[in-house]
Amino acid sequence: KAVVSTQSTGEDGDGASEDGLDYLASLFQNADYEQIMQVHARIQEVERLRNSCKDAKSKNNHLLNELKNLNSPLAKQLFGIMSSASIHGLLTVHDTISRKDYEPKLPVINHDSDSDLEDEPHIKLVRIFKTRQELGATLKRDERGHILVGRIMHGSPADKSGLLQPADEVKEI
């Protein structure tokens, strides 16, 4: 609309051609353009809402701070509900799911400075991510009290990774 009004007053401050202004004016007045802009605005709104829903716990904390200052019996009742452990757990799960934060957070292993590993040259660090399927390895204790891999189930994540073998000693999980 700004282009249309600039064109209609005859102002051509940036040296744009009249044909270019006519084209832009017709584009902005086109019904399809208006629909596209409405769709764009709706997408932006959905994205804003999606992003604002990723921190429900902090919004609940803000609500609780506001409710503390109110003397109404209903405000006290709502404070009791919203500060309960079940609501806290629900909002924690909500935030985790909305951030799509599903994978486990593993520490970064610096292979260059593992001084503990220098003393024991036969240690290998193994990372196996399991899903709903069982890991597929059994553990047993030997006569010295060390924990060893007993068996590897065929087709299991442990088998598919090829990183564990029967009789491997487990130092840490």
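**View 1. Packing of helix α4 against helix α5 in the predicted model.** Two packed helices are described by the angle between their axes and the distance between the axes. Helix α4, residues 56-68, packs with helix α5, residues 73-82, at an angle of about 150°, and their axes are 9 Å apart. The two helices α4 and α5 are therefore roughly antiparallel to each other, and the crossing in which α4 passes α5 is left-handed.

**View 2. Residues that meet between α4 and α5.** From α4 come N60, L63, L64, L67 and K68, which meet A75, L78, F79 and M82 of α5. Sorted by class, this contact of α4 with α5 has 7 nonpolar residues, together with 1 polar and 1 charged.

**View 3. The largest nonpolar core.** This core has 5 residues, namely A56, L64, M82, I87 and L91, and at least two of its residues are supplied by each of α4 and α6, the latter spanning 85-98.

**View 4. The backbone at A167.** Most residues other than glycine have a negative phi. In A167, however, phi has a positive value, near 80°. A167 is found in the segment after α8, a helix that covers 157-161. With a relative accessible area of 55%, A167 is exposed, since exposed means over 50%.

Key
Residues numbered from 1 in each chain as written. Predicted model: local features only at pLDDT ≥ 70, side-chain atom pairs only at ≥ 80, totals over all residues. Heavy atoms only, no water. Axes fitted to C-alpha atoms, helices over the stretch in contact; angles between N-to-C directions. Helix = DSSP H or I, 4+ residues; strand = E, 2+ residues; numbered from the N terminus. Parallel < 35°, antiparallel > 145°, perpendicular 65-115°, else oblique. Left-handed = near helix turned anticlockwise from the far one by under 90°. Contact = heavy atoms within 4.5 Å. Nonpolar A, V, L, I, M, F, W, Y, C, P; charged D, E, K, R; others polar. Core = buried A, V, L, I, M, F, W, Y, C linked by side-chain atoms within 4.5 Å. Buried < 20%, exposed > 50% of the residue type's maximum accessible area, 1.4 Å probe, protein only.
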